[in-house]
Amino acid sequence: MFLRPQIRPFFRFTAAVAVVSFLAACGGQVEDTRPGQPVKTRQTAFKELLRSFEPMGVMLRENRYDADKFVAMTATLMSKRDAPWSHFGPDTNYPPTKATLRVWSEPEKFEQARLAFFTASDEFKAAVDSKDKAAVERTYKAVYDACQNCHKPFKER
Ligand code: HEC
């Protein structure tokens, strides 16, 4: 019985270390060491896209649509949407990328998917500016589908 207070903190510490090493082993273990870090740069750009986009989906799902907040958040989304693409240069298909070979073998399809995303986000922005909730919901879904339609062929799960 008297041992427990000593053992417990030790186990807690060990468990914490184990979790940290597990995360280190699974996520982002390969460093992008190339000049300009094209893979890391585009991945960061996509994460920022997600960070500006996803919270609006949560707000819609939880019935917390706020027209003015959406205008501000969509401005951020629009300012981030150009960032990833110039970093898909030739010869940038290397670890830790999650892009599939098809990005480079089917460049016209990749470009089509990119343009579809631009069209969808233009329509979303117009809906957000109109502050018409039903249109915002519909076009948000269309942007979401445009992300997915590109990820299916062009990004590893
Ligand atoms: C035209 C294609 C295309 C569109 C459109 C697209 N993505 Fe991606 N996305 C990719 C590719 C390719 C990768 C993999 C990049 C890499 O690892 O080199 C990726 C990666 C990501 C990642 C992972 C980043 C990482 O560090 O692993 C996130 C998050 C992401 N995209 C979010 C989004 C969101 C959100 C949208 C829409 C708002 C979107 N993407 C639209 C092609 C696209």
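Visitor: E106 has 15 C-beta neighbours inside 10 Å, so how does E106 count?

Guide: The classes use C-beta atoms placed from the backbone: buried is 20 or more others within 10 Å, exposed is 12 or fewer, partly exposed is in between. E106 has 15 such neighbours inside 10 Å, so E106 is partly exposed.

Visitor: What kind of model is this, and which pLDDT do local features need?

Guide: Numbering starts at 1 in each chain, following the sequence as written. The model is predicted: side-chain atom pairs count only at pLDDT 80 or more, totals for chains, interfaces and linings use all residues, and local features need pLDDT of at least 70.

Visitor: How many helices does the protein chain have?

Guide: Helices are DSSP runs of H or I with at least four residues, strands are E runs of at least two, and numbering starts at the N terminus. The pattern along the sequence is α-α-α-α-α-α. There are zero strands, and the helix count is six.

Visitor: What share of the 157 residues in the protein chain is buried?

Guide: Take the contacts first (C-beta atoms, placed from the backbone, within 7 Å). Among those with a separation of 6 or more, 72% join residues 24 or more positions apart. Of the 157 residues in the protein chain, the buried share is 13%.

Visitor: Where does E106 lie, and how far is its C-alpha atom from that of P153?

Guide: E106 is in the loop between α4 (102-105) and α5. E106 and P153 are 47 residues apart along the chain, yet their C-alpha atoms are separated by 9.9 Å.

Visitor: Which residues does E123 contact, leaving aside neighbours within four places in sequence?

Guide: E123 lies in helix α5. With 17 C-beta neighbours inside 10 Å, E123 counts as partly exposed. V136 is 13 residues away in sequence and 9.0 Å away C-alpha to C-alpha. Beyond four places in sequence, the contacts of E123 are T139 and A142.

Visitor: How are α5 and α6 oriented to each other?

Guide: Axes are lines fitted to C-alpha atoms over the stretch in contact, with angles from 0 to 180 degrees between N-to-C directions. The α5 and α6 axes are 8 Å apart, at about 165°. Under 35 degrees is roughly parallel, over 145 roughly antiparallel, 65 to 115 roughly perpendicular, the rest oblique. That makes α5 and α6 roughly antiparallel.

Visitor: How many residues of each class form the contact of α5 with α6?

Guide: Among the partners are F110, F117 and F124 of α5, and Y140, C147 and F154 of α6. Nonpolar means Ala, Val, Leu, Ile, Met, Phe, Trp, Tyr, Cys or Pro; charged means Asp, Glu, Lys or Arg; polar means the others, including Gly. The contact has 18 nonpolar, four polar and two charged residues.

Visitor: Which residues of α5 meet α3?

Guide: The axes of α3 (residues 67-80) and α5 come within 9 Å and cross at roughly 160°. The pair is therefore roughly antiparallel. From α3 come F70, V71, T74, L77 and M78; from α5, S121, F124, K125, V128 and D129.

Visitor: Which helix gives the most to the shell around the ligand?

Guide: A residue is near a molecule or strand if its C-beta atom, placed from the backbone, lies within 6 Å. α2 (38-61), α5 (107-130) and α6 (133-154) each supply at least two shell residues. With eight residues, the top contributor is α2.

Visitor: Which of the 23 residues around the ligand come nearest?

Guide: The shell divides into 15 nonpolar, three polar and five charged residues. Nearest of the 23 are Q43, F46, F117, C147 and C150.

Definitions and conventions:
Contact = placed C-beta atoms within 7 Å.
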